[in-house]
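Please prepare a short report on this model, covering the surroundings of its ligands and a few individual residues.

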Amino acid sequence: MIQINHDKCDLCGACVGVCPFDAMELTENRLSILHERCTECNFCAEICPFEVLHNDGVAIRPPRKGAA
Ligand code: SF4
Ligand code: SF4
């Protein structure tokens with residue numbers, strides 16, 4: 001599951017733009033992740049310039065059938 005270190009986030013929005021699944025929401029003062037939509041692709045974590053996001057490796061749903 002993707003975790004957010006809110007102390008480090010400057011709300012730049014880069015991660016929101018890169019999420020293919022509309023799983024991120026940015027309000028005026030808070031970033032949040034809609035975990036029911038997130039597929040844990042990690043694109044957001046890779047693009048964040050401040051290393052705010054990381055995947056703790058805990059899946060929120062079982063792997064899809066056929067997934068490696
Ligand atoms: S891990 Fe992927 S699906 Fe989940 S919030 Fe980040 S970019 Fe979106
Ligand atoms: S890219 Fe990083 S700093 Fe920018 S809004 Fe997302 S988590 Fe925050």
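## Basis of the description

A residue is called buried if 20 or more other C-beta atoms, placed from the backbone, lie within 10 Å of its own, exposed if 12 or fewer do, and partly exposed in between. This is a predicted model, in which local features need pLDDT of at least 70 and side-chain atom pairs count only at pLDDT 80 or more, while totals for chains, interfaces and linings use all residues. Residues are numbered from 1 along each chain as its sequence is written, and chains are lettered from A and ligands numbered from 1 in the order in which they are written.

## Ligand surroundings

Around ligand 1 there are 14 residues (C-beta atom, placed from the backbone, within 6 Å of the ligand), of which Cys-19, Ala-23, Cys-38, Cys-41 and Cys-44 come nearest. This shell divides into eleven nonpolar, two polar and one charged residues, where Ala, Val, Leu, Ile, Met, Phe, Trp, Tyr, Cys and Pro count as nonpolar, Asp, Glu, Lys and Arg as charged, and the others, Gly among them, as polar.

The residues around ligand 2 include Cys-9, Leu-11, Cys-12, Cys-15 and Cys-48, and its shell has ten nonpolar, one polar and one charged residues.

## Loop residues with positive phi

Leu-11, in the loop between strand E1 (2–4) and helix H1 (14–18), has a phi near 65°, a positive value in a residue other than glycine; helices (H or I, at least four residues) and strands (E, at least two) are DSSP runs, numbered from the N terminus. Leu-11 is partly exposed, because 14 other C-beta atoms lie within 10 Å.
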